[in-house]
Amino acid sequence: RLCILKGIYPHEPKNKKKVSGGDTAFRTYYYIKDIKYLAHEPIINKFREHKVFIRKLKRALNRNENDVASKLDENKPVYTLDHIVKERYPSFIDALRDLDDAISMIFLFSSMPQTNKIQGAVIAKCRKLSAEFMHYVIQGRALRKVFLSIKGIYYQAEIQGQNITWIIPYKFSGQVPYDVDFRVMLTFLEFYVTLLGFVNFQLYYSINLKYPPQPVRRIPVSNATGNYCMNDELDDEMLVALNQDITKIESAESETPEIDEFPDDMDDEGSNQLKEEMEKQNKFLKLFEGLKFFLSREIPQEPLVFVIRCFGGQVSWDYMNSLGALYDETDENITHQIVDRPSQKHQFLSRYYIQPQWVFDCINTRTLLSENDYLAGTVLPPHLSPFVIEEEGDYIPPERKQLLKQAGDLEKDGENRAESVLSYEEREVKKRSITDVAESDSPKSKKVVPVIKSGKPTSHIEDVKDSSGRTKEEKKLAIMAMSKKKRRLYERIMHSRKQKRAQVKKLENRRKQHEIKQNLANEQ
């Protein structure tokens, strides 16, 4: 437990038989210096006091000494992990870089049911911290990518220059697995809860928000909020709804970064390019501004509310489902109603009835796509992952090319790839000092046709050269001049490229067969 909190992990020895003395039993090994380092940790005394407290409490309960047990419970030893967080993360950027696992773990426990191993207070604490972090992402417009996978929903946010990626599981009623050691997971969770509390505090004050967050109460559709929860739980429920703004610090003034403008004689291509990128980024962060969404009751509420509000859109739902609804379905200003049923009883001609995938695809393509491909009851296009970056020689699905073309980035992407033909070949080869030979063996290297110049007849024709300017004989000599180690490395690189080309051809053939079958089915 102390090793987990201090960030000390086990190591596998090089010679396991020598360390274990020939014993084949499974053991976990640590470095001696790490264990000696733990001996000076002050929290270890608190662990010993807690162990003694548990022993005394059990003895009092077995003897039916309720008064003694209640006094022991009141004087229970308490410890904090604040000093460990400061020790492991000297700067705030270090904490942000290690935040991926912490957020994923906290979101996981926030959606788990209460059991004899997982207490309800732990779940409520995780739920509150996760809602606070999502509110910061909404207010700071920090969301960049979203992907719906089988495991859950992947999100990526950019916070102070650091990309933070986490996963949120779907809200299904699943059973808690019995083969998982929850004692280890709860130890990790104990540290992550303390870490995220510090991070949320710093993030809120960086954008002039009060912490703990206080929702700005806007007038709901129905005043019957007392039927949903108790009055003391109303603030927490409104915070989890993600549809309320957070109270800002009145004395502080929001500082928006602005680009310095210089005279025309001092402008260069770099400053113009930076200004264009900033304009594109600002346009992307206001992707849903001016749009008004309404969620039907069959739609998962939390992910869509979070995503839509991150990009400036307004969203509401039926007030009978949960708290936080701001307007009703009959509002005439609604532009998009998100549904997941093929047909609707009552339809308004002034709005689009679209499926939820339209929202996520618009974010990944950084533009508003056509609603005709996502109307209710239509077959949806493939949902492609924004985390996959195709390199030269990789298989690119036709849908990916079409999305790039719709976003207007196909030409720029082609220019960048044309410039990176050599960079792809140099990426793995330059590090191993055999760049020239690997480039000459590229499958896209074009051979120059031998040309016989007019004039006096010659006894020979110029040797055929490839794109690198080497002849075939020169390439063979360069390979022969390599050492045995580099030659084997070169052969492995060429073999991996052949396998990659074969895999691309295989996927292209599968796609052709799928399109043929689909066309035949449509004709029938």
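I started with the open sheet, where three strands run in the order β1-β2-β3 with antiparallel pairing; strands pair if DSSP finds at least two bridges between them. Its edge strands, each pairing on one side only, are β1 (143-148) and β3 (162-168). Strands here are DSSP E runs of at least two residues, helices H or I runs of at least four, both numbered from the N terminus.

I noted that this is a predicted model, in which local features need pLDDT of at least 70 and side-chain atom pairs count only at pLDDT 80 or more, while totals for chains, interfaces and linings use all residues. Residues are numbered from 1 along each chain as its sequence is written, and side-chain values use heavy atoms, leaving out hydrogens and water.

Next I looked up β2 (residues 153-159), which pairs with β3 over seven antiparallel bridges. Glu158 has Asn163 in β3 as its bridge partner.

Then I turned to the rings. I found 18 aromatic pairs in the structure (Phe, Tyr or six-membered Trp ring centres within 6.5 Å; planes under 30 degrees apart are stacked, over 60 edge-to-face, the rest tilted). Phe133 and Trp166 sit edge-to-face, 5.3 Å centre to centre with 80 degrees between the planes. Phe133 belongs to helix α9 (residues 120-140) and Trp166 to strand β3, 33 residues apart. Tyr155 and Trp166 are stacked, at 5.6 Å and 25 degrees. Tyr155 is in β2 and Trp166 in β3, so this pair ties together parts 11 residues apart in sequence.
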